[in-house]
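Here are a few exercises to work through with the viewer open. Try each task before you read its solution.

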Amino acid sequence: MSDAIKVTTVFCRLLLKAFGRINYCKLFRLLINRGMPAFVTRVSLNLYIGNFVRISWCGILFDYFPATNGVKQGGVLSPVLFCVYIDGLLTALASANVGCYIGRNYVGALAYADDLLLTAPSASALRKMLTICDNYASDFYMLFNASKSKCIVIFPSSRACLRL
């Protein structure tokens, strides 16, 4: 017995580059709420709070300054910490019952590192998902880079792909 496959138009929005927009207080509160041991939380917090960075551009070294938000680019823990930070967003999107499914599997919000792909069966569903993202971003002090975000519409194979 095979399941019927329904091919439909898919509206996609790719939201990019949110790594540098993480609020430390919110992040470490999330870790504490997940039951991370106090010792590990304190060590991690100290690694981030006492973080100073220096920029080198065209051979010119600028003065050190404190990094007050974001996860360390290239840090081993950075992808994991970012996943913890946006887990609430992914949960909110999945529980809103909008977005695309493959069988019973929700694929309306796919995340990797600091990129997020939203897929929806209609423009109105995609707008609802973007509203959820906007509200979460406001609550968690995140900004998605609008200039690097893309929107595409994928039609069934009988029609072409339209990039917006």
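**Exercise 1: the strands around E1**

E1 (residues 10-15) runs antiparallel to strand E9 (residues 115-120), and 5 bridges join the two. Before going on, note that this is a predicted model, in which local features need pLDDT of at least 70 and side-chain atom pairs pLDDT 80 or more, while totals for chains, interfaces and linings use all residues. Residues are numbered from 1 along each chain as its sequence is written, and side-chain values use heavy atoms, with hydrogens and water left out.

Solution. 
- Step 1: recall the terms: strands are DSSP runs of at least two residues and helices (H or I) of at least four, numbered from the N terminus; two strands pair if DSSP finds at least two bridges between them.
- Step 2: turn to strand E10 (residues 150-154), which pairs with E1 in the antiparallel sense over 5 bridges.

**Exercise 2: a hairpin**

Task: how many residues lie between E8 and E9 in their hairpin?

Solution. 
- Step 1: strand E8 (residues 109-112) pairs antiparallel with E9 through 4 bridges.
- Step 2: one of the bridge pairs is Tyr 112 with Asp 115.
- Step 3: the hairpin has 2 residues between its strands, and Ala 113 in the turn has a positive phi of about 50°.

**Exercise 3: a salt bridge**

Task: which residue forms a salt bridge with Asp 87?

Solution. 
- Step 1: apply the criterion, a side-chain nitrogen of Lys or Arg within 4 Å of a carboxyl oxygen of Asp or Glu. The structure holds 1 such bridge.
- Step 2: the partner is Arg 34, with the closest N and O atoms 2.6 Å apart.
- Step 3: Asp 87 lies in helix H3 (residues 78-95) and Arg 34 in the loop between helix H1 (24-33) and helix H2 (38-49), so the pair ties together parts 53 residues apart in sequence.

**Exercise 4: a nonpolar patch**

Task: which residues make the nonpolar surface patch of about 530 Å²?

Solution. 
- Step 1: take residues with over 30% relative accessible area and no salt bridge, joining nonpolar side chains (Val, Leu, Ile, Met, Phe, Trp, Tyr) within 5 Å and like charges within 9 Å; areas are Shrake-Rupley values with a 1.4 Å probe, and only the protein chains shown count as cover for residues.
- Step 2: the patch is made by Ile 55, Trp 57, Ile 60, Phe 62 and Phe 65.
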